[in-house]
Amino acid sequence: MSIHGTNRYLGGFLIGCFLIAALVGLFWTPYDPLAISLGGKLLPPGGQHWLGTDEYGRDVLSRLLLGARSSVSISLLTVTFAVFFGLILGTLSGYARGWIDRVIMLLTDTLLAFPSILLALALLSILGANMFGVILALGLAYLPTVIRVVRGAVMSLREREFIEASRLMGHPAFYIMRCHIVPNCLAPIIVIATSMFGSVLLTESALSFLGLGVPPPAPTWGNMLASARPYMDRAAWLGVFPGLCISLTLLGINLFGDYVRDRFDPRMRGL
Amino acid sequence: MTKMTDMLLEVKDLELGLVHDESNLIVRQASFDLRPGEVLGLVGESGSGKTMLGRSIIGLQPGAITPRGGDIVFRGRSILKMSARNLRRLRGSEIGMVFQEPMTSLNPSMTIGRQLEEPLRQHTRLDTARRRARILDIMERVGIPEPGDRLDDYPHEFSGGMRQRIMLASAMLLKPALLIADEPTTALDALVQRDVLELMIELTRQEGTALILISHDLPMIARYCERLLVMRDGEIVESGRADDLLAAPQHDYTRRLLQAMPERGPVRSFDDSTTPVVELRGLEVEYRSRTGFLARTSRKKALHGIDLRIRRGEVVALVGASGSGKTTLGRAVAGLIPASGGDILFRGLPIGKHDANWMDYRLNCQMIFQDPFGSLDPRFTIRRLLAEALYYQRNLDSAERDDRIRAAVREVGLEDAHLDRLPHELSGGQRQRIAIARAVIGRPDFVIADEAVSALDVTVRAQILELLSELQRQHGFSCLFITHDLSVVEQLADRVVVMRDGAIIEEGPRDTVFDRPQSGYTRALLAAIPKLERTATGAVLNWRFGANDPLREGAQ
């Protein structure tokens, strides 16, 4: 089997682990992830606590499981938000053209002018740091990319003859967008949504690390990494495990994303 | 030791196959030879293997295709056994190649002068001044005016015909012994095609270069080639002198190719007193472009006041070269682009913007497009595609709707089983049948066919044309048939309209336009198209290149 095939399965496996962790974290954790136990703080990984405890004596494994849950929900909701509105705005912009296109593109370009993390930071300081603030901020930050991609796909689609054929049958623009345009640009959307998922996960961790993500004591991989910083010399596991989780999940998503791209991009097929 | 012969090229039992699939051969048992200076035609439909055979002669077949047997011997040396280095030396200097699409075979970011200089740098030791002289000489010979001023221009600054001349110049620059031209003029208009081909023949004749001309167009290739090879499914099914082969074809497939050539249909008469189905009065279309933010909008007229009446049940052919405005006219009549002036009258009433007559017209004017793949949504099943066209037929219940869809599919020669397929599961001809079914399923009064058969193979084209005229007779819709291919027109049209530069320059009944064309342009257009006239056993060309050219004789 080719390297490519193996990568796909490795990617799928890593994503599978991540999703299972998130699912398990939803119903069960070995300990209460928020229970403080000052007697058992900074315990190294071992029998009682598989991955050790943190500076407040909270079980690291339990916190990682709970963190996976919030990471999945934040990433999924953010991607859904960006794709949903990006699809609507991008389709409108690409199909209607004229002033609608110009207004949407002006806004998009303005948003694109800021690095997404900076934009999210700015929005979060206005919206306040909570889970929905994070989703909204990240969603808005990633929206322009989706709009751009959708608009490009729609603009080349609208010149296709089957769209004109549909216009000739007397169908209104809304019908054409819904039945011909959107289904035909789903492929690039699925591709960017996959790669976006990883990117959002990373940005969310970075935001938490900077202290603007989901506020403590609720654990996320990012804020666990952040709070591990002062203890890196004494309790390296506090930083290593969340870091590993982020890296491995991202690796999985990227490997799987390559596969998804190859599947949906006919130009890449057969290579 | 190779046997010395006077042959320039010998192809012996050549077999080409896929690298990963030994059971499948692309070219089987191909054998032919070529004398120096000879012009050989290779004819076949898409997928016949003609391009692969042509490319393999200079080792340019795609990576997935490999020789499986036989040999190609060029000047006593085997091409198949040659090293990559020697092969490279051979290309350009001894064997040249011209491809179909001149825009993609020229590098868009390099000036013409530098691109022409490259083969000279590679294969000769000429200094800069001599290289320049050679380039200017060949550019002049391929008919590029003021070649000295155009060396620094980029490919996009030339027209399609000019680009193909430049390709020809670069292929002939090193005076190769063999030139392979793969569909060199398929993308060009009839008049330009004729110029480029004649130039190619003359140039190769002067240099003593042998030419292999590869094309799907039998009449065209027969006009210019001494000898023909007919390919089908990877096999050379027939070969021989062009005239003999046409006069008495031996193989069944060649006979079918000749029978697929359109024949003139019967003359039909129309009542002039009734209201025309569609009438154009002074129709104008303008393209506006803004060059800068504050710049004035510049306007370019694509259509200059077109007047046209299309009577009930009449087929009007709209003919013209690319850029003549014929497609613009079709799209404006269909309402796909707005008219900037004039009126479209439907059953005698002007169509306004989105009034009742407009909607009536919208449903009664359908279109068949050129590319049968592009005109069908790849995600819709055939059933859904046809149902979509019946969406506004409100008087039908779902059972009737279903019956209509089934009937429409059978009417175009397909079966119920095709209903649940997707467009890509059908062949090009079948897809075009679906596109036709979709256009006529709502029983429109008026159908616009924009190059509806141009993308199809010759034998398929004949079937589709037959289908179209049958449906037209049966349902009695009027038809505006837009094409650059005059031979198609002869079979189908009742009336012919010739367009040039956005205006109608000739209009009349088919037989009058074909037999007694009034304008010089129409005459040139008719003469540029090689035509086969059927005889008892086969066919003869209306004229061969180099002999009794009716246009040139008429001009003298």
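Val11(B) has Phe32(B) as its bridge partner in E2(B). Strand E1 (residues 9-18) of chain B and E2(B) run antiparallel and are joined by six bridges. The model is predicted. Chain B also meets chain A, in a contact that takes 26 residues from chain B and 17 residues from chain A.

**The sheet in chain B**
- The open sheet has four strands, and its order is E2-E1-E4-E5 (chain B) with antiparallel pairing.
- Strand E2 (25-34) and strand E5 (77-78) of chain B each have a single partner strand and stand at the edges, so one side of each has no neighbour in the sheet.

**Domains of chain B**
- Chain B divides into domain 1 (1-94 + 176-239), domain 2 (110-174) and domain 3 (278-530).
- The centres of domain 2 of chain B and domain 3 of chain B, taken over C-alpha atoms, are 41 Å apart.

**Surroundings of Ser93(B)**
- Ser93(B) sits in the loop that runs between helix H2 (84-90) and strand E6 (95-98) of chain B.
- The backbone oxygen of Arg89(B) is reached by the side chain of Ser93(B) at 2.5 Å.
- Leaving aside residues up to four places away in sequence, Ser93(B) touches His123(B), Leu174(B), Lys175(B) and Pro176(B).

**Contact between chain B and chain A**
- About 1900 Å² is buried between chain B and chain A, and carbon and sulfur atoms give 53% of that area.
- On the side of chain B, the residues that lose the most area to chain A are Leu336(B), Arg379(B) and Glu388(B), which together account for 28% of what that side buries.
- There are 13 residue pairs in polar contact between chain B and chain A, counted with both residues at pLDDT 80 or more.
- Helix H12 (326-334), helix H13 (356-364), strand E16 (365-368) and helix H14 (382-389) of chain B are the elements that give two or more residues to the side touching chain A.
- By residue type, the side of chain B that touches chain A has 13 nonpolar, five polar and eight charged residues.

**Salt bridges**
- Side chains of opposite charge can pair when their charged atoms come close.
- Over all chains, the structure holds 41 salt bridges.
- The count between chain B and chain A is one salt bridge.
- Arg331(B) and Glu164(A) form a salt bridge in which the closest N and O atoms are 2.8 Å apart.
- Within chain A, a salt bridge joins the side chains of Asp109(A) and Arg148(A), at 2.6 Å from N to O.
- This pair links distant parts of the chain, with Asp109(A) in helix H3 (residues 98-112) of chain A and Arg148(A) in helix H5 (residues 131-157) of chain A, 39 residues apart.

**Chain A**
- Chain A has 10 helices and zero strands.
- Along the sequence, the pattern of chain A reads α-α-α-α-α-α-α-α-α-α.
- Along the principal axes, the C-alpha atoms of chain A fill a box of roughly 75 × 50 × 30 Å.
- Leu61(A) belongs to helix H2 (residues 60-96) of chain A.
- Leu61(A) touches Pro30(A), Trp50(A) and Leu51(A), when residues up to four places away in sequence are not counted.
- Between the C-alpha atoms of Leu61(A) and Trp50(A) the separation is 6.9 Å, and the two residues are 11 residues apart along the chain.

Note on methods:
Residues numbered from 1 in each chain as written. Chains lettered and ligands numbered in written order. Predicted model: local features only at pLDDT ≥ 70, side-chain atom pairs only at ≥ 80, totals over all residues. Heavy atoms only, no water. Contact = heavy atoms within 4.5 Å. Buried area = accessible area lost by both parts, 1.4 Å probe. Salt bridge = Lys/Arg side-chain N within 4 Å of Asp/Glu carboxyl O. Polar contact = N/O pair within 3.5 Å; in protein donor to acceptor, adjacent residues only side chain to side chain. Nonpolar A, V, L, I, M, F, W, Y, C, P; charged D, E, K, R; others polar. Domains from an automatic or database assignment. Pairing = 2+ DSSP bridges.
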